[in-house]
Amino acid sequence: MEKKRTDPMAYQPGMERITSEILDKVLKNVDNYDYLKVTSRDVKQALKKDHLSIEDYGALLSPAATPYLEEMAKKAILETRKHFGNSIGLFTPLYIANYCENNCVYCGFNCKNKIRRGKLSLAEMEEELKAIAKTGLKEILILTGESRHHSGVDYIGEGIKMATKYFSTVGIEIYPLNVDEYADLKKCGADFVSVYQETYNLGKYEQVHLSGSKRVFPYRFDAQERALMGGMRGVSFGALLGLDDFRKDAFATGLHAAFIVQKYPHAEIGFSTPRLRPFINNADNNPNDVHEQQLLQVMLAYRLLMPFAGITISTRERAGFRDHVIGMVATKISAGVRVGVGGHEEEEKGDEQFEISDPRSVSEVHQMILNRGLQPVYTDYIRV
Amino acid sequence: MTGQLVIGGHNFNSRFILGSGKFSLEIVKAVVENGGAEMVTLALRRANLGGEENILDYIPRHITLLPNTSGARTAEEAVKIARLAREIDCGNFVKVEVIRDSKYLFPDNYETIKATEILARDGFVVMPYMYPDLNVARDLVSAGAAAVMPLASPIGSNKGLCTRDFIEILVSEIAVPIIVDAGIGRPSQACEAMEMGVDAVMCNTAVATAKNIPLMARAFGQAIESGRNAYLAGLGRVLTQGEASSPLTGFLED
């Protein structure tokens, strides 16, 4: 008999429940979003606006907007230049552990996948941080697999403290935390929190998150809000495009961020646009109908909805795509990326989460940015 | 240009202040040369000390640095950033920016007054970025501001003098220099601001996003100078109806 799985809306012990209306608002809007009903007239109207309504945003994400991609790009580049000028932020991720207690069918770190697991000791972490700092980078994103057991909040906090010795900006992409835990990590020196909902379709979410704490949909959804309540300066949003209906997921992602900034006007907002990638033992894991054209459409729609938001372009994408979207829509690019555990100074201690498509070094990405008439920016934040 | 701009006891021949946040670094130099700016802002959070592409390496030595406190959300953060700027030899000038709004980037006037008071007491030449409100401007002057920098419209918007009427009130009521900051999108708008009697104009995006940056810098420099001259010359009156140059009552003899 098949094992009965837990309700993805039921909180697990220790998970903090906050009072927030944002989840209901997002899900209600997504339910009402029928992109097949959008006409080219709706798209043209949306393109005339300075501030998009929810309907306008939906129009720009619809298939009807496909013939207007060039027009969207022309508008987006003006908005990007207006808010960010020529600046392109540079950063790199550091995976400090790849243990995971979740069984997410699309991810290389899932607990059932037979890969080499590892976790950096604090000494190893310092060597990695030093090696990355030598490349000139000043911003780092610390990542773990989602395992409280193997990579506890204290361990991550120690890593953050160490990172602040070498970097002006430290972001984290770890499992969702409670408000007081975010506040603790803020005290350690972290300022930015990335949590990706993967998909906003509750049914699909339940199907692909088979077990583990990640299965709890609302706890993950409210993570950005808890991070801001804990004092973090900025939060990032992203759906894993291709996992479900990418148009609906992108629509939900944009609204999630828009409602957050309405409630927390000081929050710095970031978007990422990851697509499914092949991973070890699953070479066929691909984003299906999200080709580069669709990916760009999503990025452009994010830009036109929130001209002031940072947008990061991932190393999951090929160099040629990344080079063209910076300045037009993306404001931040990773460089010198390793997605295994460690690997910058010493040999990798754990296998990769997914395959990357752009292995260029920091100096190569730096030169590419200059060649495109843009300005590489290494530091954009002072910890005070 | 006629008359010097005096801020905190320092004299400037140019009334064009360059914002640098959205430039490519090598262009800062070109703009200073073409626009004649003598003061350039420096976002301290962008100063990559000892690292690649440090903005400080691109600003000529004769230029007065105006470090800003961008990134600060509270008076306390602004004060810390200003003190850091002084520690790294950026001089005594500081542009106070306290912003708690990611979307429109409007300044928080209340926190700005608090930061101005502390920094002026510390001996800084404080130039606060503000939303144009007369009471706030008065408080900033009482707190020790050497100039006030009201926004014309939201940062980066290029929308021009949306707050024109309020800036005019500041011009007539406030004794320290008024520097229009943020939102100026065209040389003609900069000229208009100067014609109103503001003391200087700061711009960044309008130049940074131009096709020919050095040429646009020159256009701004000239527009600002021209507007200043027009102000000093005294603008003619504006009437809603035509007025005959020979008076209608000129035939009267006694």
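A residue counts as buried under 20% relative accessible area, as exposed over 50%, and as partly exposed in between. At 36% relative accessibility, B:Tyr131 is therefore partly exposed. The model described here is a predicted one.

**Aromatic pairs**

B:Tyr131 takes part in a ring pair with B:Phe106: the two centres are 5.4 Å apart and the planes stand at 75°, so the arrangement is edge-to-face. This pair links distant parts of the chain, since B:Phe106 belongs to the loop between β6 and α3 (109-121) of chain B and B:Tyr131 to the loop between β7 (125-130) and α4 (134-143) of chain B, 25 residues apart. B:Phe106 is likewise partly exposed, with a relative accessible area of 30%.

Over all chains, a search of the whole structure finds 13 aromatic pairs. One of them joins B:Phe12 and B:Phe93, whose ring centres lie 6.0 Å apart with planes at 75°, so this pair is edge-to-face. B:Phe12 sits in strand β2 (residues 10-12) of chain B and B:Phe93 in strand β6 (residues 93-96) of chain B, so the pair ties together parts 81 residues apart in sequence. B:Phe12 is buried, and B:Phe93 also counts as buried. In chain A, ring pairs link A:Tyr33, A:Tyr35, A:Tyr57 and A:Phe251 into a cluster.

| Residue | Relative accessible area | Class |
|---|---|---|
| B:Phe12 | 4% | buried |
| B:Phe93 | 5% | buried |
| B:Phe106 | 30% | partly exposed |
| B:Tyr131 | 36% | partly exposed |

**The interface of chain B and chain A**

The size of an interface is often given as the accessible area lost when the parts come together. Here, chain B and chain A bury about 2,500 Å² between them, with 49% of it on carbon and sulfur atoms. Of the area that chain B buries against chain A, 25% comes from B:Arg45, B:Arg73 and B:Ser102, more than from any other three residues. In terms of contacts, 30 residues of chain B touch 30 residues of chain A.

Four salt bridges are found across this interface. In one salt bridge, the side chains of B:Arg45 and A:Asp380 meet at 3.3 Å, N to O. Between the two chains, 12 residue pairs are in polar contact. On the side of chain B that touches chain A, the elements giving two or more residues are α1 (25-35), α2 (75-87) and α7 (205-208) of chain B. Among these, α2(B) gives the most, with four residues. The residues of that side comprise nine nonpolar, nine polar and 12 charged.

Key
Residues are numbered from 1 along each chain as its sequence is written. Chains are lettered from A and ligands numbered from 1 in the order in which they are written. This is a predicted model: local features need pLDDT of at least 70, side-chain atom pairs count only at pLDDT 80 or more; totals for chains, interfaces and linings use all residues. Side-chain values use heavy atoms; hydrogens and water are left out. Contact means heavy atoms within 4.5 Å. Buried area is the accessible area (1.4 Å probe) that two parts lose on being put together, summed over both. A polar contact is a pair of N or O atoms within 3.5 Å; within protein, one must be able to donate a hydrogen and the other to accept it, and residues adjacent in sequence count only if both atoms are side-chain atoms. Ala, Val, Leu, Ile, Met, Phe, Trp, Tyr, Cys and Pro count as nonpolar, Asp, Glu, Lys and Arg as charged, and the others, Gly among them, as polar. Rings of Phe, Tyr and Trp (its six-membered ring) pair if their centres lie within 6.5 Å; planes under 30 degrees apart count as stacked, over 60 as edge-to-face and the rest as tilted. Buried means under 20% relative accessible area, exposed over 50%, partly exposed in between (1.4 Å probe, protein chains only).
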